[in-house]
Amino acid sequence: MLDELYSVAGSAFAVGNIAWILFGVTLGYLVGALPGLGKGTATAVAIPLTFYLEPLSAIAFLVGISKGSTAGSAVSAILLNTPGEPSSTPTAMAGYPLARAGKAQKALKMGLFASVLGDLFSTVVLILVAQELAEYALGIGPVELTAILAFSMVFIAGLSGRSMIKGLIAGLFGILISCMGLEIETGSPRLTFGLIELYDGLPLIPVAIGMLALSEMMIQIGQRQRLADEADLLKGSSKREDQIVTLADWKNCIRPIVRGSLIGTVVGILPGLGASVGSFLSYGAERRASGRGADFEESGAIEGVAAAESADNAVVPASLVPLFAIGIPGSVIAAILIGAFTIQGITPGPLLFLENKDLILGVYVSMLAASVMLLFIGYFGQNMFARIVRISPALIMPIVVFLCCIGAYLQGGGTFGIGVMIVFGIIGFFSKKYDFSFVTFLIGFVIGPSFELSLRQSLGLVTDLPELLDHPVAIVFAVLAVVGVWRLTVLQRKQMAEMAKAETN
Amino acid sequence: MKHVFKGFAAAVAMTAAGAIAASAAMADTSWPTKPITMLIGYKAGGGTDTKGRVLSKILARELGQQVNVINRPGGGQAVALESFKSSGTDGDTFFFGAVTGITLNPQINSALKFTNQDYVYAGALTEFQVSMVAPQDRPYDDMAGLVKFAKEKGGIKYASLSPGAKIIMQAIAKQEGINVDYIPTKGGRGMVQLVLSNQVDFAYSGGIQSRYPGKIKTLAAVSSKRLGNYPDTPTLDELGYKGVAMDAPTVVAFPKGTDAAIIAKMEAALKAASMDPAMKKISDAIKMPIVYLNAKDASALVTSSTAAIADMLVAIDYKKQ
């Protein structure tokens, strides 16, 4: 394998090709850093640019864009609390409080390192095991997905904040909202109120921007006086250890990064889960492991940023495993790349390794090169972006609201998206005021449609109960989900008892 | 004075209209005098979008004006078609997409207020290879074998990727008296996954099976005529399922009332595009053959396909959602 990679390295490192990767990573990082613009948009818009490129340059360019934008979306998440895409939401939750505490530079750097490491790990996995793993991925059908999603939801319910009941209410509300749109089998409209714009459901990005960024802006505007007092802090702490990633930070973050890379890679390989599941799962795992609970979102957590970013970036290369090997995309990026491949006359799938082996190897080498470039471009790009926090809140708030509107407009079908964003900004405002977890709401909203689809497919596929025995993976995850509910309940009871005790004291 | 002015304005308008009508009669028009817009009802990056963007470049060359692509995704092209209906008759905006958004969707969804009558058609360029497919190693190779298999087993599992796919199969199941479990899937790729992993007995496909040779086999063509990629595969109609068909060419449409000269010019540009090597390259790559229809034939196909779908809905006793 290694000598094969070496033999194609010549063409992959050709000046033209390297220039395209560099251009792709830079462009992706810039687009990703803009609020509301994520990897999907960046890659899709770039596809027509590749019409007249050589196949290797075209694919390498697009992969560069997707890697760059995935890492770049952490910038607006941390600095402005506006994730470029849903999968950066946990980054915003743990990273924005850090920026507020004057540690923006630290959070950005750790986010970048975690991104590059997760990305690199996943790329290596792709190179080494794409062919072998693909066969297993195919065996993960709707029945297995249903169980995995159920398990994920239980796990993420642990993120619900102080009150589990309120967390559940928010999560179920998210699922309810996600039911909007055309029902999948017969196409009958659900909860659309006669609006054709709602036929594909509520657009994700405007909902996420509204819940996270706009509501945050409303709260901040209401606390202008306190903000003015804090403005000095926002300018960045003068202490050097708040600006750099210290050895102690690395010690705290290495475990979440390793775990996040693994979670992201597995989620990427399984078709139909999506990057959001990866970053939320990794974030949730770290939050539980740290034992800090809601303090993660209140005072911020560098480990949370590392966990979310490593998983988010690991999803991208891993999602190419099923694409290269069997022609099934594991993520939005992979689905968009299919379009790019077909333009070049290449069919992703089982024959790819036979017919276009040199191309695939060239793409591998380019991907590794893109990871290294990402590190440099991100590192120098951040210095530029981090200046944003030195601007007074009075100036920055209107700009953020404006950028929110642009993101919602682009991703939500025009002014309709802005309307959606405003409605969810108001909902988000009250949910923050009354401590209803917007995390579980967003998770319910994101996972709801996949869960419904795979559950309904499973109901059609498994007609007899004994047939379930053909799906051992599903059984394992279903059992884990039940155990998870039980443990959560026990934990909750314990906390309640402790609180009661504290009150009587 | 006011009246005089009004009369004068009317006269000018009439003269202008007359001049336009005259130029239309000669099928000669200065259109397009500024960049025009291609409206696509799907997200950027998909199959229709990819083809549309290549087409836009060829059309720009043929028409001598920039052709901008705008994506308005949502509701199976419904969002795009609804807004497009009233977007003006000056040829500024045209629609490019699968005709089922016009022939099928308004018939199954009462909230859609447009019909096939709201548009005029300048032609069709390619067609989705709509067909019934099955995993390669299944014991049946045609519909008769599938029906026999279903009767022996007592029921079969069908991956249904759209409401239209379900309607087609309901009509067949009713005629044959077989039990079908409908497994909804999200798009062609969700369907492929179920077929490749052998979890369903057969499926409805928009033509994506051509990318999986030796893994997925084609049982029958769902279109009213045989398909370009599968000339030896019989249509459902030929197999005795009278009136059961769904045609899915990609058409170019303008809002009703658009000048005939504009339609004629677009028709000529489409004909040139159908012979363009770049278009040929893309069509070969995505295995969606170029099936050029002129304006007259495309309009006739829209009308006949709409009527055929209406009949099918009556036959299966469909209740509009």
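Predicted model: local features only at pLDDT ≥ 70, side-chain atom pairs only at ≥ 80, totals over all residues.
**Entry 1: chain A as a whole**

Of its 505 residues, 58% are buried. I then looked at contacts in chain A with a separation of 6 or more, and 80% of them join residues 24 or more positions apart.

**Entry 2: helix α2 of chain A**

Next I picked out helix α2 of chain A, which covers residues 15–33. I wanted to know how its span compares with the expected one. From first C-alpha to last, the 19 residues of this helix reach 27 Å, close to the 27 Å expected at 1.5 Å a residue. I also looked up which residues of α2(A) are buried, and the list includes N17(A), W20(A), I21(A), G24(A) and V25(A). Further along, L27(A), G28(A) and Y29(A) are among the buried residues too, as are V31(A), G32(A) and A33(A). I kept a reminder beside that list: an α-helix has 3.6 residues a turn, so residues three or four places apart point the same way.

**Entry 3: S276 of chain A**

My next stop was S276(A), a residue of helix α12 (residues 275–290) of chain A. Is S276(A) buried or exposed? I have it down as buried, because 27 other C-beta atoms lie within 10 Å and the cut-off for burial is 20 or more. What does S276(A) touch, apart from its neighbours within four places in sequence? The contacts are P86(A), S87(A) and V446(A).

D435(A) is not a glycine, but its phi is positive, at about 60°. I found D435(A) in the loop between α20 (415–433) and α21 (438–461) of chain A. With 14 other C-beta atoms within 10 Å, D435(A) is partly exposed.

In chain B, N198(B) also has a positive phi, near 60°, and is likewise a residue other than glycine. The loop that holds N198(B) runs between α8 (187–196) and β8 of chain B. I put N198(B) down as partly exposed, with 14 other C-beta atoms within 10 Å.

I also came across a cis peptide bond, between W31(B) and P32(B), with omega about -5°. P32(B) sits in the loop between α1 (2–25) and β1 (36–40) of chain B.

**Entry 4: the domains of chain B**

How is chain B divided? The assignment gives domain 1 as 31–127 + 248–315, and domain 2 as 131–221. Taken over C-alpha atoms, the two domain centres are 28 Å apart. Where the domains meet, 9 residues of domain 1 of chain B are in contact with 8 residues of domain 2. Helix α11 (residues 295–315) of chain B supplies the largest share of the domain 1 side, 3 residues. By class, that side has 7 nonpolar, 1 polar and 1 charged residues.

**Entry 5: strand β4 of chain B**

I then followed strand β4 (residues 119–127) of chain B. Since 9 of its 9 residues are buried, this strand is largely enclosed by the rest of the structure. β4(B) pairs with strand β10 (residues 249–255) of chain B, antiparallel, over 7 bridges. In that pairing, Y121(B) stands opposite A253(B). β4(B) is also joined to strand β11 (residues 290–293) of chain B, again antiparallel, through 2 bridges. There, T126(B) has I290(B) as its bridge partner.

**Entry 6: a five-stranded sheet in chain B**

What is the strand order? I read it as β7-β6-β8-β5-β9, with mixed pairing. The edges are β7 (180–184) and β9 (216–221) of chain B, each of which pairs on one side only. From one strand to the next, the twist averages 30°.

Inside this sheet, β6 (residues 156–160) and β8 (residues 202–205) of chain B are parallel, paired over 2 bridges. A159(B) has A203(B), in β8(B), as its bridge partner. Helix α7 (residues 163–176) of chain B lies across β6, β7 and β8, and runs at about 150° to β6(B).

Definitions and conventions. Residues numbered from 1 in each chain as written. Chains lettered and ligands numbered in written order. Domains from an automatic or database assignment. Contact = placed C-beta atoms within 7 Å. Helix = DSSP H or I, 4+ residues; strand = E, 2+ residues; numbered from the N terminus. Nonpolar A, V, L, I, M, F, W, Y, C, P; charged D, E, K, R; others polar. Pairing = 2+ DSSP bridges. Axes fitted to C-alpha atoms, helices over the stretch in contact; angles between N-to-C directions. Expected span 1.5 Å × (residues − 1). Buried ≥ 20, exposed ≤ 12 C-beta atoms within 10 Å, placed from the backbone.
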